Amino acid sequence: SVIKSSSFIFDTAAQHTLKPDLLVQELQKVGMNIEQATSFRQVWTEHASDFVEQLKNLNFAPHVLTAANWSLQMSVASQNTARLRAPRAVFGLTSKDSGVASKEKQSVLMELSVEELTHLFQDLEKIQKQLDV
């Protein structure tokens, strides 16, 4: 449909931050006539900055993290065990629905060993590197 096609064109232009003249060139490459491509350029010139800003603020995930707490727990020796138990990190994550009007919160508790915590940290580092590109 025309609406889906137009939406695809503007989404793609936003993702690649195309300048209006380059948008016209790309549309002509795929067979669009100059009059139609010029109409897209006019709309893109007038509304690109607002559209890109809306996309930046759009949440794709169903939940948004609102709080993160942590603590370190360690068991001490008892009469039955002579040595210390390995330390465990406990995370409490609170999220809410990404809907604007939603106030309902959900909580998740995670207990991680040193090895699991290291793996999580490495995954977060990979994500950070991808975000920094």
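Which residue in β2 stands opposite A67? T94 does. The views below show a predicted model.

**View 1. Three strands make an open, antiparallel sheet.** The strand order is β1-β2-β3. β1 (63-73) and β3 (105-112) stand at the edges. Each has a single partner strand, so one side of each lacks a neighbour in the sheet. From one strand to the next, the twist averages 20 degrees. β1 and β2 (residues 88-97) are joined by 10 bridges.

**View 2. Helix α4 packs on the sheet.** The helix spans residues 114-132 and touches β2 and β3. Its direction makes about 120 degrees with that of β3. L131 is found in this helix. At 64% relative accessibility, L131 counts as exposed. L124, I127 and L131 make a nonpolar surface patch of about 310 Å².

**View 3. A salt bridge joins D21 and R41.** The whole structure holds 4 salt bridges. In this one, the closest N and O atoms are 2.9 Å apart. D21 lies in helix α2 (residues 20-29) and R41 in helix α3 (residues 34-56), 20 residues apart. Both are partly exposed: D21 at 47% relative accessibility, R41 at 27%.

**View 4. E26 and K29 pair within helix α2.** Their N to O distance is 3.3 Å. They sit 3 residues apart, about one turn of the helix. E26 is partly exposed at 33%, whereas K29 is exposed at 64%.

**View 5. R88 and E111 meet in a salt bridge.** The N to O distance is 3.0 Å. The pair links strand β2 to strand β3, across 23 residues. A network of salt bridges links R88, E111 and E116.

Notes: Residues are numbered from 1 along each chain as its sequence is written. This is a predicted model: local features need pLDDT of at least 70, side-chain atom pairs count only at pLDDT 80 or more; totals for chains, interfaces and linings use all residues. Side-chain values use heavy atoms; hydrogens and water are left out. Two strands pair if DSSP finds at least two bridges between them. Helices (H or I, at least four residues) and strands (E, at least two) are DSSP runs, numbered from the N terminus. Axes are lines fitted to C-alpha atoms, for helices over the stretch in contact, and angles run from 0 to 180 degrees between N-to-C directions. Contact means heavy atoms within 4.5 Å. Patches are made of residues with over 30% relative accessible area and no salt bridge: like charges are joined within 9 Å, nonpolar side chains (Val, Leu, Ile, Met, Phe, Trp, Tyr) within 5 Å. Accessible areas come from the Shrake-Rupley method with a 1.4 Å probe; for residues, only the protein chains shown count as cover. A salt bridge is a side-chain nitrogen of Lys or Arg within 4 Å of a carboxyl oxygen of Asp or Glu. Buried means under 20% relative accessible area, exposed over 50%, partly exposed in between (1.4 Å probe, protein chains only).
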